[in-house]
Amino acid sequence: MFDKLTKSIFINGEWKDVDDQKTETVYNPATLETITEVALGATAEADEAIEAASNAFPQWSTMTGRERGSILYKASQLMLEDADRLAKILTIEQGKPLAEALGEIKISANYLLWYAEEASRAYGEVIPSSNKSKRLLVIPQPVGVVGAITPWNFPSSMITRKIGPALAAGCTVVLKPASETPLSAIEIMKIMERAGIPNGVVNLVTGDAQAIGQSLLTNKAVRLITFTGSTGVGKYLMRESAEHVKKLSLELGGHAPSIVYADADIDKAATLVLGSKFRNAGQTCICTNRLYVHESIAEEFTAALTEKVKQMKLGSGLEDGVEIGPLINEKASEKVKSHIEDAVNRGAKIAYGGDAWDCDLDGYFYNPTILANTTDDMLVMHEETFGPVLPIQTFNEEDEVIKKANDTDYGLAAYLFTENTNRAIRVSEQLEYGIIGINDVYPAIAEGPFGGIKQSGVGKEGGHHGMDEFLEKKFVSIGIE
Ligand SMILES: NC(=O)c1ccc[n+]([C@@H]2O[C@H](COP(=O)([O-])OP(=O)(O)OC[C@H]3O[C@@H](n4cnc5c(N)ncnc54)[C@H](O)[C@@H]3O)[C@@H](O)[C@H]2O)c1
Ligand SMILES: O=CCCC(=O)O
């Protein structure tokens with residue numbers, strides 16, 4: 001499916017390798033086999049890409065929203081037409097089951113479609129003036145060149161959720177995808193090319209994160225950095241952006257609580273918790289990380305959930321019916337192992353799973369795991385696990401569980417399961433999170449503003465709010481006689 005060396009750097013409409021032909025290997029996480037090599041770009045390539053994006057900005061930013069939108073619309077159509085092949089590439093480089101990969105490609109195309117439409121709707125404002133001899137306008141204008149840095153867990157949708165609104169707003173982009181999953185990014189560039197994007201408007205540099213990041217941070221032409229990834233790297237980018245006072249949009253880690261109330265529909269809630277926890281093998285920023293179940297239904301709920309977990313099929317994401325694929329790498333597997341060991345050492349009981357999956361594949365597979373008798377001091381209760389481990393605690397009082405749910409530096413997503421509408425509204429208003437799912441664990445949708453508070457991030461992606469990040473609001477004050 002792939003050439004030995006993919007010309008993986010896309011600058012000013014041209015596909016390139018680095019001058020010294022340095023490359024890095026892309027592995028299939030299910031088998032640990034080499035898929036291909038991609039160019040190991042660094043400072044020179046990043047600088048060249050920033051220059052191309054700067055040169056392309058004047059023309060792209062002055063095209064009409066409708067003109068920009070028509071290119072994004074075409075790109076979304078091309079992505080959908082090729083969805084099966086793109087999903088297969090995504091599964092091969094990232095590991096998630098093919099059905100999930102196909103779902104990701106569809107939402108990825110949907111971000112392009114949504115922003116194709118939003119491109120025509122960057123409205124300004126006329127402000128009624130308190131002074132009769134003034135007229136006051138607010139004009140939205142594109143921020144400028146954008147540096148976009150994306151993670152490996154959603155190799156396609158995390159890219160279009162950034163470049164869709166950036167391009168719609170009239171910005172130009174330099175994209176650095178995760179080293180683990182550059183192939184989906186390359187495919188997106190090919191789609192943009194086929195959709196007719198002018199040279200230099202969107203550029204891709206695969207390679208050395210530190211060096212490329214440094215160029216994006218230190219080059220004054222880059223006016224905004226949009227990043228999705230870990231809170232640690234997000235903090236670093238925030239600190240380093242201070243020098244040139246760059247705008248930032250950060251989508252960072254999370255530690256989502258799920259709360260199941262006594263009045264929940266038990267079977268429905270168990271199915272949803274299962275989806276929330278185990279999709280993408282638990283490697284989703286908004287995955288449930290800890291579960292609180294009301295004491296009165298805890299036994300029944302845990303039994304229903306465990307029954308469902310037992311049915312889950314592990315394996316290569318390409319295999320029919322597989323629901324849990326590999327973890328991305330050995331480090332991820334070690335983290336899962338350490339969270340389980342720590343919990344057990346502090347008194348947790350393994351209700352199901354608890355160990356690596358013994359199989360013929362070389363990748364890092366972990367059995368879905370349920371932990372009972374958990375306490376707040378356990379790592380799994382406050383650190384992002386990013387794996388298929390579900391710690392359960394019981395609760396009695398509404399106030400008590402809200403306090404526990406909020407007791408974290410993260411604030412990305414929280415879920416509650418109840419059939420009582422009053423409770424649903426009351427609790428969702430008190431949870432300190434950017435996203436609340438009420439009987440819903442799949443809140444990522446093109447038209448909705450996705451983003452965290454506290455140490456889970458700054459800004460929103462999705463919806464018209466997502467395009468606001470890429471628009472400056474210029475104030476025009478007109479004196480008239
Ligand atoms: N909030 C969200 O919307 C969201 C979505 C997906 C993932 N995430 C978070 O992402 C994390 C998992 O992704 P990850 O392991 O790829 O995160 P990561 O922070 O290690 O890497 C993310 C990206 O940053 C790059 N990077 C790493 N160091 C860098 C540096 N010094 N300068 C510039 N770029 C650098 C990486 O190469 C990659 O492209 C989890 O914490 C998860 O919760 C958040
Ligand atoms: O933002 C990361 C999660 C994306 C999703 O839930 O589809």
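Author: We can go through the domains, the sheets and the ligands.

Reader: Before that, what kind of model is this?
Author: The model is predicted.

Reader: Which residues does UniProt list for the domain?
Author: An unreviewed UniProt entry lists residues 18-476 as "domain: Aldehyde dehydrogenase". Over residues 18-476 the chain is 40% helix and 20% strand. The end C-alpha atoms of that stretch are 45 Å apart.

Reader: How is the chain divided?
Author: Into domain 1 (5-252 + 455-477) and domain 2 (256-445). The C-alpha centres of domain 1 and domain 2 lie 31 Å apart.

Reader: How many residues are in contact there?
Author: 18 residues of domain 1 are in contact with 23 residues of domain 2. On the domain 1 side, helix α4 (residues 98-118) gives the largest share, four residues. That side of domain 1 has eight nonpolar, seven polar and three charged residues.

Reader: On to sheets. What's the order of the seven strands?
Author: The order is β15-β16-β17-β14-β13-β18-β19. It is an open sheet with mixed pairing.

Reader: Which strands stand at the edges?
Author: β15 (349-352) and β19 (435-438). Each has a single partner strand, so one side of each is left without a neighbour in the sheet. Neighbouring strands in this sheet are turned by 25° against each other on average, direction ignored.

Reader: And β14 with β17, parallel or antiparallel?
Author: Parallel. Four bridges join β14 (residues 288-294) to β17 (residues 389-395). Tyr 292 stands opposite Gln 393 in β17.

Reader: Which strands does helix α9 touch?
Author: Helix α9 (residues 266-278) packs on the sheet and touches β13 (256-260), β14, β17 and β18 (413-417). The direction of α9 makes about 160° with that of β14.

Reader: Where does helix α11 lie?
Author: Helix α11 (residues 330-345) lies across β15, β16 (369-372) and β17. The angle between α11 and β17 is about 35°.

Reader: There's a sheet of three strands too. What's its order?
Author: That open sheet runs β6-β7-β21, and the pairing is antiparallel. The edge strands are β6 (125-127) and β21 (471-479), and each pairs on one side only.

Reader: How many bridges join β7 to β21?
Author: Nine bridges join β7 (residues 134-142) to β21. Pro 140 has Lys 473 in β21 as its bridge partner.

Reader: What do strands of a sheet pair through, anyway?
Author: They pair through backbone hydrogen bonds, either parallel or antiparallel.

Reader: Now the ligands. Which residues come nearest to ligand 1?
Author: Of the 28 residues around ligand 1, Pro 151, Gly 213, Gly 229, Glu 251 and Cys 285 come nearest. Two elements give two or more residues to this shell: α7 (209-218) and α8 (231-241). The largest share, three residues, comes from α7.

Reader: Why does ligand 1 lie between the domains?
Author: Domain 1 and domain 2 both give residues to the shell around ligand 1, so ligand 1 lies between them.

Reader: How many charged residues are in that shell?
Author: Three, along with 13 nonpolar and twelve polar residues.

Reader: Last one. What surrounds ligand 2?
Author: Ligand 2 is surrounded by Phe 154, Ser 157, Thr 284, Cys 285, Ile 286 and Ala 444. By class, that shell has four nonpolar, two polar and no charged residues.

How values were computed: Residues numbered from 1 in each chain as written. Chains lettered and ligands numbered in written order. Predicted model: local features only at pLDDT ≥ 70, side-chain atom pairs only at ≥ 80, totals over all residues. UniProt positions renumbered as here; feature names shortened; annotations may be inferred. Pairing = 2+ DSSP bridges. Axes fitted to C-alpha atoms, helices over the stretch in contact; angles between N-to-C directions. Contact = placed C-beta atoms within 7 Å. Near = placed C-beta within 6 Å. Nonpolar A, V, L, I, M, F, W, Y, C, P; charged D, E, K, R; others polar. Domains from an automatic or database assignment.
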